[in-house]
Amino acid sequence: MDINLVVNHHNFESLFSNEKFLKNAVFNIPRYQRVYSWSIEEKNHEKKREVDDFWDDIIARSKTQESDYFGSVLLNKKEVLGLTKYEIVDGQQRLITALLLYKALGADLHKEKLPISLGSERDNIIMKKILLDEQLENEEKRTKIAQAYNFFIKKLKGRDKNQLLSYFKNIQISIAIINNEYESNLLFGRLNTRGLPLSDADLIKYEIFKHYDKCSGIAGEDDPLATWKKIQTILYDNISKNLTIDNFMFYWWRINNPTIGFSFERFKTTYRVEDYMKDFLLPILESVNRIDHYICNDTGSDNGISENVKQLFDFKILHRDSGAEIALLRVLLSDLDNKSKKSIIDILTLTEAFQYTLEIKQVSNTFENVQHYFKKEIVTDGEGAILDKLCENIRKDTFRNDIREVMINSVSKLRYPTSRTQFSNKNKSAEKILLQYTLLRLADTTQTHHVSIEHIIDKSKGGVDENSLFFQLGNTVLLEKRINNSLSEIKELNKKIPEYKKSEIRQMKEFLYRKKGQSVGWKVDKENSWNPELFSKNHIESRGKYLATMLFNELQYYIKEYQERNK
């Protein structure tokens, strides 16, 4: 295949200039491309990451020479409504990192038109704020783009920025421009297979595109590029922004080819060239659409699956070594009826809530049998056996009283702190997600967008002490947002009680009207009836263990059902 390729040479000053290379033009990262993924070195880790290496290389070379050569970047040129969009096919990680350093050095990037448009809406907002010198939210500061920029800001303190900026402006870079998207993907494959490592997914993409006859007039779902874009767009926009096509392809392969290891070479020996679309790419798109159907749930009624699936992704199952992602996709892509899928995914969500809690509380793993089942057996077991096998492995992992106590104690100590409270273990957002899940799971409402977390005793009493009881599960309750908003200036519990009594949430009613004679619950004083105004610091731990026990009982309910079925 002949490739129409033009190569020009620029320095960074002209490349990022709105008066030169970017006049009536912008760099663009398509949504189906990978998001920015370069990392910085974590504390107490010796291994350096990509951003650290980038910085070290720039600093070392700037000390011995006046200019440098950056290498090449491959662009696909598109004209859209009078604006030239240069889609970055190869080199986006380096180019974004270079842009962040350029900004950190104080370069004037012509704020009236930003030089780059990213594929992720969140990353776009963060990049815009960085380039316009706007304040980032706490969650935004934890993204890789913000971390890289902050890394450069810290490294530049005490350095001669003007000298380094002068050097950086003169760094030379080769810009390879092509005006055909198929050819750009093929060239990307050829360039990378001659040196830089590619993922199996990238190699498979290159292999499929290489054998596609772009002159045949085939379009729509028979077009591999369009199909590839659809898969990545649905994964990113609808399912999880952290679920890449690389990961999904691996999971899909495990489920559909459980006895064949996943690799580029295995792909080529398993599928015939003429069947790449029919037997591989289109079935993956169909699988993605099936999962999207459950998550988006536009039926108008609660399918009992959507919220749990979203919750599982909030539990970071794609970044933890629990095997839950394989189990989830295995169930969603099975031919089980919706009732069975709902039960299995509910159990899976409960199990992951406990596992994730134990992980962030740094308690030794108690779910070894469950994890082994997810990673080794669930892809080969018959669909009808999954529910019982899952329950049996949970029973093995949780039957001992000491394990039960560890699980309950860990959940009871989940925290929902103020925004200014810093956690030493960096798990603040994770604990908030898990605490919120616990309350919602125990509540009688599925209208999650109408409720919020209320601290019974004002959370400001906890100050900035991350271990304060006032942040813990036992001091929290669900409350309708409209009521919670009316309490923003009220701190005293006795003044909040009349507003609490307007709530229709069972969890709140239980807190308000519980009786001394209740056989289940947290310990109360010895009066004949419970007075919620007397709720104090002494009740928080006991109520927290009560709520954690109730969550554990939700899991045990499924185990008892399993045991009844198999008597």
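Student: Which residues does methionine 249 touch, not counting residues up to four places away in sequence?

Tutor: This is a predicted model, in which local features need pLDDT of at least 70 and side-chain atom pairs count only at pLDDT 80 or more, while totals for chains, interfaces and linings use all residues. Residues are numbered from 1 along each chain as its sequence is written, and side-chain values use heavy atoms, with hydrogens and water left out. Methionine 249 touches Ala201, Ile204, Trp228, Phe262, Phe280 and Ile284, where a contact means heavy atoms within 4.5 Å.

Student: What makes a group of residues a nonpolar core?

Tutor: The members must be buried Ala, Val, Leu, Ile, Met, Phe, Trp, Tyr or Cys residues, joined through side-chain atoms within 4.5 Å. The largest such core has 97 residues, and Met249 and Phe280 are among those with the most contacts inside it. Apart from it lies another core, of 53 residues, including Phe27 and Ile59.

Student: Why is leucine 81 called exposed?

Tutor: Residues count as buried under 20% relative accessible area, exposed over 50%, and partly exposed in between, with a 1.4 Å probe and protein chains only. Leucine 81 has a relative accessible area of 88%, and is therefore exposed. Leucine 81 is found in the loop between strand 3 (69–80) and strand 4 (83–90), where helices (H or I, at least four residues) and strands (E, at least two) are DSSP runs, numbered from the N terminus.

Student: Why does lysine 316 count as partly exposed?

Tutor: Lysine 316 has 39% relative accessibility, so it counts as partly exposed. Lysine 316 lies in the loop between helix 14 (306–314) and helix 15 (324–332).

Student: What is the phi of each of these two residues?

Tutor: Phi of leucine 81 is near 50°, and lysine 316 has a positive phi of about 60° although it is not a glycine. Most residues other than glycine have a negative phi.

Student: How do you know that strand 2 pairs with strand 4?

Tutor: Two strands pair if DSSP finds at least two bridges between them. Strand 2 and strand 4 pair in the parallel sense over four bridges, and phenylalanine 27 has tyrosine 86 as its bridge partner in strand 4. Strand 2 also pairs with strand 5 (residues 116–117) in the parallel sense, over two bridges.

Student: Which residues cover the two faces of strand 2?

Tutor: Ala25 and Phe27 are on one side, Val26 and Asn28 are on the other, and all are buried.
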